[in-house]
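Please keep the structure in view while reading.

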Amino acid sequence: MAIQIRQQLTATPNPTALPSQVDFRQTLRSSQDGESITLEYRLAADHDVWFKGDDGQPTKSVRRSATIPLTDTVRLDQLVLQVRPPGLGPMDMVEIDQTITDAAGIRIPDSCVLRLLH
Amino acid sequence: MGGSLGGDTLRPLPHARSCRGLAAGAVLLAGLLLPGAAAPQPAQSTCAPPSGDTGFAEIGVNVSAGTFDKVLPFDVPVRLCGTLPVGTADVSVQFVEAATAAPVVDRKCHLVAPGLRWKPDPPISGRIDGTTFRAILPALEANRYYTFCFRRHGPVSAGVAAQFQPAAREVLDRGLDEVPAANLTQAQSVKLRTVLRDRLQDVLAADTILAEGTVFDPRPEHDELRGRFSELVRNVLDPQRRRDRILDGDPASAIPAFSERQFDLGQALKAVWTNAALARLTAQLERSAQTEPSLGELLAGKNLAAGVALTRADESLLAAIAHGRDPALQGGAPPPDLKDPAQAAAVASRYDATFQALSSLAALIKKLTDLAAPAVLRAGLGADDLAALRELAAGPLARASALSFTLAGLARDLQTSDAERSAALDALAAQVQIEAQGIQVVDGSSTPNFATAQNNYVSADAGLVYAPEIESAVTYVGVNLYLRPVNKDAHLSQLGSFRKTFTRRFAFTLALTIQSVADGGGGRVQTRQDLFGNQALIAGSGLRVTDMIRLGAGALVFKRKDQNPLINRFSVATTYYFTVSFDLNVARAFQGGFGGLFGKS
């Protein structure tokens, strides 16, 4: 009932020009087989880079859920990023903060930096 | 003065020998630098002067030592020659002069005293041939103090750039560590590049860095850290951001700081440690193990033994476990530095061990609270104890186990992030080193001053004197007394107009005739005698019309017979004269014998 990050979050392609679908990968394992977790990806509020939400609307945070076994498991979340107002820009780099919440409510952080091509 | 020239050797040209009368003991200010201690050493000098008359005073300079190989002359153009480190692109010379005291200049050619200025402007460029340079100075003034500055312009050598890399890494490490986000702002970049440039300048001991368009250029329009170097910077900031979120937490995402998690683990461990049912269980198991070998072996297992030991730990040991410290280093040992990959890895291993111990304990509790548990495990435990143990397993023990597992993972993330950041810093510093290797550095340094002649000049004079009144023409020899220093090696024609060179032409003359001016003899009445024996005195002044030929006039002093024929007495008398003479170098005359008076070389 806890999660460990075995390989930290990466974004591919990186650098990239927006809009673009970006693959976020990381390897996780749990202390308990089949642990349910949630993953939240978040962008800083002040810039003009946004996720494209599941409903097609721009959003600054996206949530995913997963079940993690005892063994190392590679996870992939494909998220679309886009540039749109409002917000500061153009950005050279944006930071994607991830928060994983395990079944016990323990929150652990990960992040990656995406370099943007103009 | 003639300072040592090190490897430089110059043979003075005949016409360029230094003037007698030039003051020694003055000081030379020279600089030239060379980026830093690791700068290439000057090659052997090739400053041997040409064999013919070059028209210059040939002076050797040791720019490293700040010395000339002879006293600097005045009134003649000077050609300096010295050696430079390999790779020098160009060298320039300037000087500052003062009439009354040595100009105050710091080691980097910065004028300290007000009112002084380097000249000429623009500086005199030296000509470089391999590692040898020559620079031509205009004629210096007599009676002046001079300070010279040599500025070298050249690329930073590979050796110096390599020497700079650790310093660059340190600057980047500290500078980027202060960046809280993944984006380096313009202000942060300017600050970082300024510190980088200053540190490079320190390492080079350089005066000026010509780093336009490089990462050492702090101007906003040349933001290379956010331009060409942005990928390398990102590689540092990315793991740094991960590290910071783990260590410091992230309130925006409700992520606690690492230390907060450690505190939580400590509280959970304490709850386990103070659980009475667990204490009774472990005591009972250890008693049973004395009569039940299989139980003894179970308890002797590494992880379970550690779990059982945990129930007997004191508070300080629990605190050490909660903070991932080495239990053997309790007391005054500093907390682990989680920005150090090795220490973060050690902390991760300790949390792993704690997790294993807690998991074993949880497994044991699960086993004995199972309905089918062997009697030997449950011996002595009542229903209340079993209920309390179930509650413990589902509560504090599960919490402690999860937290230790999480902390182990986070400590390992820290190790990875620290290592990635460190490697990225190495790569960035290496690129900065390469960038440094290409930039140009201008350097100058200073040592003491130099003075030109402080004494007036005396020269020999020999020629023909004609006194119209007595209608006598004889040869004479004497001395010319100038009112200022005169360099006989300097050609008057090169020093300007007659008016400008008047003080170099005009001199008072004091001489004796070689032949007698007395008359009489042969039946004639004697009307005059020489002043001294067979010589009359000449006192007057003259002007050089060429470098050597002088025209003069003055008073010829002799003895004249009283005009009263009854009085046979001679008294001192004067008459005017004109002379044509050769202005000779007294110093050379005495050095080379009297015959040297009439020869230039």
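## Burial and one helix face

A residue is taken as buried if 20 or more other C-beta atoms lie within 10 Å of its own, with the C-beta atoms placed from the backbone. By that criterion, and in what is a predicted model, the buried residues of helix H5(B) are Leu278(B), Leu281(B), Thr282(B) and Leu285(B). Viewed down the axis of H5(B), these buried residues fall within an arc of 90°, so they line one face of the helix.

The cover over the buried residues of H5(B) includes helix H4 (258-273), helix H6 (293-300), helix H7 (302-310) and helix H11 (383-394) of chain B. H5(B) itself runs over residues 276-289, and because its 14 residues at 1.5 Å a residue should span 20 Å, the 20 Å between its end C-alpha atoms agrees with expectation.

## Confidence in the model

The model scores an ipTM of 0.95 and a pTM of 0.66. Chain B has an average pLDDT of 81, and 85% of its residues score at least 70. Over residues 1-44 of chain B, however, pLDDT stays under 50, although the model has 161 contacts beyond four places in sequence for this stretch. The pLDDT is also below 50 over residues 586-601 of chain B, where the model has 16 contacts beyond near neighbours in sequence.

## The two chains

Chain A contains zero helices and 10 strands, and of its 118 residues 41% count as buried. Among the contacts in chain A with a separation of 6 or more, 69% are between residues 24 or more positions apart.

Chain B, with 601 residues of which 42% are buried, has 14 helices and 18 strands. Of the contacts in chain B between residues at least 6 apart in sequence, 76% join residues at least 24 apart.

## Where the chains meet

In the model, 26 residues of chain B are in contact with 23 residues of chain A. On the chain B side, the elements that give two or more residues are helix H3 (230-248) and helix H12 (396-438). Sorted by class, that side of chain B has 11 nonpolar, six polar and nine charged residues.

Helix H3(B) is mostly covered, with 15 of its 19 residues buried. Because those 19 residues at 1.5 Å a residue should span 27 Å, the 25 Å between the end C-alpha atoms of H3(B) agrees with that expectation. The helix is followed by Gly249(B), whose phi is positive, near 75°.

In soluble globular proteins, nonpolar side chains tend to be buried together. The largest nonpolar core in this model has 104 residues, and those with the most contacts inside it are Leu114(A), Ala411(B) and Leu428(B). The largest share of this core, 16 residues, comes from H12(B).

Leaving aside residues up to four places away in sequence, Ala411(B) touches Gly324(B), Ala344(B), Val347(B), Ala348(B) and Tyr351(B).

Notes
Residues numbered from 1 in each chain as written. Chains lettered and ligands numbered in written order. Predicted model: local features only at pLDDT ≥ 70, side-chain atom pairs only at ≥ 80, totals over all residues. pLDDT = per-residue confidence, 0-100. Contact = placed C-beta atoms within 7 Å. Helix = DSSP H or I, 4+ residues; strand = E, 2+ residues; numbered from the N terminus. Nonpolar A, V, L, I, M, F, W, Y, C, P; charged D, E, K, R; others polar. Expected span 1.5 Å × (residues − 1). Buried ≥ 20, exposed ≤ 12 C-beta atoms within 10 Å, placed from the backbone. Core = buried A, V, L, I, M, F, W, Y, C linked by C-beta atoms within 7 Å. Arc of directions from axis to C-beta.
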